[in-house]
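Please examine the following structure with care. The paragraphs after it lead from the arrangement of the chains to individual residues.

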Number of protein chains: 2
Amino acid sequence: MNNVEFTDIKDKIDFERELVPVVVQDFEDNEILMVAYMNEEALEKTIEEKTAYYWSRSRQKLWKKGEESGNTQKVIDLYLDCDGDTVLLKVKQKGGACHTGHYTCFYRKLTDDGFKEVESKVFDPNIVYGD
Amino acid sequence: MNNVEFTDIKDKIDFERELVPVVVQDFEDNEILMVAYMNEEALEKTIEEKTAYYWSRSRQKLWKKGEESGNTQKVIDLYLDCDGDTVLLKVKQKGGACHTGHYTCFYRKLTDDGFKEVESKVFDPNIVYGD
C-alpha cells in the first residue's frame with residue numbers, strides 16, 4: 001500500500017453507515033488489539049501517513065492513535081472484508097493499545113466465574129495520560 | 001466458559017447501541033475470519049450452545065452461523081474489550097467463514113494497485129447456498 005491513493009480505492013469502501021469498524025491486529029503474533037471506527041477522513045489519513053487515525057464516537061472528533069500516549073500504530077497492511085464495510089489493519093503497536101494500560105483491549109476472558117483479567121498491564125495509564 | 005450463565009455476566013456488556021460488533025478469530029492460527037453483530041439474544045444463545053449466533057442487520061433476524069451452509073463456528077473462548085461494547089470470539093471454523101467461499105471475509109489486501117484478492121476459495125458458494 002506504499003503508493004496507493006485514497007481517491008483510487010474510496011469507492012470500494014461502504015460508508016453508507018458513515019463509520020466503518022476497524023479491527024486492529026498485531027502484525028507479528030496476530031493478537032487482536034482493539035476495534036475502533038473510521039470515517040472517510042480517518043481512512044484517508046491512515047493510508048497517506050501509514051499510521052492509524054480513527055473517529056472517536058465519544059469525543060466526536062478525528063483522533064490519531066497515540067497522539068497523547070505516544071502509543072502509535074504503524075500500519076503494515078490493510079484488508080477489506082467481503083461487503084466492503086469493515087477494515088482490518090495489521091499494525092506495529094508502540095507501547096500498548098488499550099487506554100487501561102493493557103497491550104490489548106481484549107484482556108477479559110469469559111470463565112465459569114464470569115469475566116476475568118488474563119493479561120497484565122504493560123504501562124501505567126496514570127503516568128501516560130496524567131491523573 | 002463451560003458453565004457460566006448469561007444472566008450472571010449480562011451487566012458487563014454494553015448494549016446501549018443495541019448491537020455489539022463481534023470479531024471472530026480462528027483459535028488455531030489467530031486469523032481474523034469476520035466481523036458480525038450480536039444482540040442480547042444472540043449472545044445468550046452463543047454462550048448457552050457454544051456455537052455462534054448473530055443478528056443479521058440486512059435480514060433483521062437472529063442467525064445461527066452455518067445454519068444454511070453448515071459452516072458453523074464452535075466457540076472456544078470469548079473475550080470482552082475494555083469498554084464492554086465489543087466481543088472477541090475464538091472459534092473452530094467449519095468449512096469457510098465467508099459467504100463468497102473464502103475462509104476469511106478479509107481476503108482483499110490493499111496494494112499499490114488497489115485491493116487485490118490474496119486468498120483462494122475453500123468452497124463453492126453456488127453449491128453450498130444454491131444458485
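To compare two copies of a chain, one copy is superposed on the other by least squares, using the C-alpha atoms of residues with pLDDT of at least 70 in both. The model considered here is a predicted one. Two copies of a chain are related by a rotation about an axis and a shift along it. In this model, chain A is brought onto chain B by a rotation of 180°, with 0.0 Å of shift along the axis and an RMSD of 0.0 Å. Such a relation is that of a two-fold axis. Within chain A, the C-alpha nearest this axis belongs to Asn30(A), at 2.9 Å from it. The two copies use the same surface to meet, since 100% of the contact residues of chain A recur in chain B.

The next topic is the sheet. Strands of a sheet pair through backbone hydrogen bonds, either parallel or antiparallel. Here an open sheet is built from six strands, in the order S8(A)-S7(A)-S5(B)-S6(B)-S1(B)-S2(B), and its pairing is mixed. At the edges stand strand S8 (114-117) of chain A and strand S2 (32-38) of chain B, each of which pairs on one side only. From one strand to the next, the twist averages 35°.

One pairing in this sheet may be followed in detail. Strand S1 (residues 20-26) of chain B is joined to S2(B) by six bridges, and the sense of the pairing is antiparallel. Among the residues involved is Val20(B), whose bridge partner in S2(B) is Met38(B). A helix also belongs to this picture: helix H2 (residues 40-49) of chain B lies across S2 and strand S5 (73-80) of chain B, together with strand S7 (108-111) of chain A. The helix runs at about 125° to S2(B).

Attention now turns to a record for chain A. An unreviewed UniProt entry carries the annotation "domain: Phosphoribosyl-AMP cyclohydrolase", which covers residues 34-107 of chain A. In the model, the end C-alpha atoms of that span lie 10 Å apart. The span is 14% helix and 38% strand.

Is Ala52(A) buried or exposed? This residue is found in the loop between helix H2 (40-49) and strand S3 (53-56) of chain A. A residue counts as buried under 20% relative accessible area; Ala52(A) is therefore buried, because its relative accessibility is 0%. When residues up to four places away in sequence are not counted, Ala52(A) touches Thr46(A), Trp63(A), Lys64(A), Lys65(A), Gln73(A), Val75(A) and Leu89(A). One of these, Gln73(A), is 21 residues from Ala52(A) in sequence, while the two C-alpha atoms are 5.5 Å apart in space.

Asn71(B) lies in the loop between S4 and S5 of chain B. Asn71(B) is buried, with a relative accessible area of 8%. Leaving aside neighbours within four places in sequence, its contacts are Lys65(B), Gly66(B), Gln93(B), Lys94(B), Gly95(B), Gly96(B) and Phe123(B).

The last topic is charge. Side chains of opposite charge can pair when their charged atoms come close. Over all chains, a search of the whole structure finds eight salt bridges. One of them links Lys45(A) to Glu49(A), with the closest N and O atoms 3.7 Å apart. Both residues lie in helix H2 of chain A, four residues apart, which is about one turn of the helix. Lys45(A) is partly exposed at a relative accessible area of 24%, and Glu49(A) is partly exposed at 37%.

Other salt bridges pass from chain to chain. Asp85(A) is paired with Arg57(B), and their closest N and O atoms are 3.6 Å apart. Asp85(A) lies in the loop between strand S5 (73-80) and strand S6 (87-93) of chain A, and Arg57(B) lies in the loop between strand S3 (53-56) and strand S4 (61-64) of chain B, so the pair joins two chains. Asp85(A) is buried, with a relative accessible area of 14%, whereas Arg57(B) is partly exposed, with 23%.

A further salt bridge is formed by the side chains of Lys109(A) and Asp77(B), at 3.7 Å from N to O. This pair crosses between chains, from strand S7 of chain A, which holds Lys109(A), to strand S5 of chain B, which holds Asp77(B). Lys109(A) is partly exposed at a relative accessible area of 24%, and Asp77(B) counts as buried at 18% relative accessibility.

Terms used:
Residues numbered from 1 in each chain as written. Chains lettered and ligands numbered in written order. Predicted model: local features only at pLDDT ≥ 70, side-chain atom pairs only at ≥ 80, totals over all residues. Heavy atoms only, no water. Contact = heavy atoms within 4.5 Å. Pairing = 2+ DSSP bridges. Axes fitted to C-alpha atoms, helices over the stretch in contact; angles between N-to-C directions. Buried < 20%, exposed > 50% of the residue type's maximum accessible area, 1.4 Å probe, protein only. UniProt positions renumbered as here; feature names shortened; annotations may be inferred. Salt bridge = Lys/Arg side-chain N within 4 Å of Asp/Glu carboxyl O.
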